[in-house]
Amino acid sequence: MKTRRMVTNTIVAALYIAMTGIFSFMSFGAVQFRLSEMLNHLFGYHRSYRYGVLAGVFISNLIFSTLGVWDLIFGFGQTLIAFFILDKLFKPGDSEMKRMMLTTIVFTATMVFVAVELYFVLGLPFWFSFLTTAFGEVVVLLVSAPLMTYLNKLIGFAERMNA
């Protein structure tokens, strides 16, 4: 991995960890609005951003989660699976909006894994957990899409990885 990509992904991971930590009171549990999930949209600009997001998810769950190893397995696994699916769905000519909508749909649908975790580990009702975690995910990703579009105009996410 190029040095620039590694540094950029380290910054992404640090942002993910900081945002999750600052807002940890609403980043875990059956009802969660993990604001750091907005960084999932970076994958739509360049696939290499997956490394920073995955590192951020892993470290955030390691440090802040009360569910311990379970959140490392299910939370990290959910993100890994979502990126794998998106990797197959994204096509070279896709618009920025299409990629953001696909990211929103896939990450929301894969919250099923978090619901399974909450069901087995905490005994929470599966469908309740899925609906509440999926709701939080879709809200964060939809609300953050315009912000990410704006930041892309300022920063140039794809160019950062290609330089």
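**Figure 1. Lining of the largest cavity in the predicted model****.** By residue class, 7 nonpolar, 6 polar and 5 charged residues line the largest cavity of this predicted structure. The lining comprises 18 residues, and those that lie nearest the cavity centre are Gln 32, Arg 34, Gly 75, Met 111 and Val 114. The volume of the largest cavity is about 170 Å³, and the count of cavities of 30 Å³ or more comes to 1. Two or more lining residues are given by each of helix 2 (49-64), helix 3 (69-89) and helix 5 (112-122). Helix 3 supplies the largest share of this lining, at 4 residues.

**Figure 2. Packing of helix 2 with helix 3****.** The axes of helix 2 and helix 3 come within 8 Å and cross at roughly 165°. Angles over 145 degrees count as roughly antiparallel, and helix 2 and helix 3 are therefore roughly antiparallel to each other. The crossing of helix 2 past helix 3 is right-handed. On the side of helix 2, the contact is made by Arg 50, Val 53, Leu 54, Val 57, Phe 58, Asn 61 and Leu 62. Their counterparts in helix 3 are Asp 71, Leu 72, Gly 75, Phe 76, Thr 79, Leu 80, Phe 83 and Asp 87. Sorted by class, this contact has 9 nonpolar, 3 polar and 3 charged residues. Gly 75 of helix 3 takes part in this contact and is also one of the residues nearest the centre of the largest cavity.

Figure 3. With residues up to four places away in sequence left out, Phe 126 touches Val 112, Ala 115, Val 116 and Tyr 119. Phe 126 and Val 112 are separated by 14 residues in sequence, and their C-alpha atoms are 8.6 Å apart in space.

**Figure 4. Lining of the largest pocket****.** The largest pocket has a volume of about 250 Å³. Its lining consists of 14 residues, of which Val 12, Leu 15, Leu 42, Ile 155 and Phe 157 are the closest to the pocket centre. Helix 1 (3-22), helix 6 and helix 7 (157-162) are the elements that give two or more residues to this lining. Helix 1 gives the most, with 5 residues. By class, the lining of the largest pocket has 12 nonpolar residues, 1 polar residue and 1 charged residue.

Notes
Residues numbered from 1 in each chain as written. Predicted model: local features only at pLDDT ≥ 70, side-chain atom pairs only at ≥ 80, totals over all residues. Heavy atoms only, no water. 1 Å grid on protein atoms, 1.4 Å probe; cavity = no way out; pocket = protein on both sides within 12 Å on 5 of 7 lines; lining within 4 Å. Points joined across faces, edges and corners; volume = space filled by probe spheres on them. Nonpolar A, V, L, I, M, F, W, Y, C, P; charged D, E, K, R; others polar. Axes fitted to C-alpha atoms, helices over the stretch in contact; angles between N-to-C directions. Parallel < 35°, antiparallel > 145°, perpendicular 65-115°, else oblique. Left-handed = near helix turned anticlockwise from the far one by under 90°. Contact = heavy atoms within 4.5 Å.
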